[in-house]
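Subject: Structure handover and findings

Hello,

I am passing on the structure below for you to look through. My notes come after it.

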Amino acid sequence: MDVSGIEQLSICIRYINHVNGAEICEELLGFCPLAKQDAASITEAILSQLEKWGLEIDYLRGQGYDGASAMSGHVSGV
């Protein structure tokens, strides 16, 4: 949650830079506001933001960390 009271999700990417050998890089892409903190809302926020940035989901793999129950599980998790 930021100072104005809006819940936000940070989105980072990790990739391999083949220009300098096989350097592993990690970058913060940005933050996106969350209307709700359930699995469906978080999933929609992530997919929407990645599309907005022009990243193709077919080439991405994800992992989420925060310890919340909405992030885990194979049925209702993100």
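The notes below cover the conventions, the hairpin, the helix and the segment after the helix.

This is a predicted model, in which local features need pLDDT of at least 70 and side-chain atom pairs count only at pLDDT 80 or more, while totals for chains, interfaces and linings use all residues. Residues are numbered from 1 along each chain as its sequence is written, and side-chain values use heavy atoms, with hydrogens and water left out.

Hairpin

Helices (H or I, at least four residues) and strands (E, at least two) are DSSP runs, numbered from the N terminus. Strand E1 covers residues 8-17 and strand E2 residues 23-33; they pair in the antiparallel sense over ten bridges (pairing requires that DSSP finds at least two bridges between the strands). Within this pairing, Ser 10 stands opposite Phe 31 in E2. The two strands, E1 and E2, form a hairpin with five residues between them. In the turn, Gly 21 has a positive phi of about 85°.

Helix

H1 has 14 residues and spans 20 Å from its first C-alpha to its last, close to the 20 Å expected at 1.5 Å a residue (the expected span is 1.5 Å times one less than the number of residues).

Ala 39, Ile 42, Ala 45, Gln 49 and Leu 50 of H1 are buried (buried is under 20% relative accessible area, exposed over 50%, partly exposed in between, with a 1.4 Å probe and protein chains only). Seen down the axis of H1, the buried residues fall within an arc of 135°, so they line one face of the helix (the arc is that of the directions from the helix axis to the C-beta atoms). On the other side of H1, Ala 40, Glu 44, Glu 51 and Lys 52 are exposed.

The cover over the buried residues of H1 includes E1 and E2. Gln 49, with a relative accessible area of 11%, is in contact with Ile 11 and Cys 32, leaving aside its neighbours within four places in sequence (contact means heavy atoms within 4.5 Å).

After the helix

H1 is followed by Gly 54, whose phi is positive, near 80°. Ile 57 is also found in the segment after H1 and counts as partly exposed, at 47% relative accessibility. Not counting residues up to four places away in sequence, Ile 57 touches Leu 47 and Leu 50.

Regards
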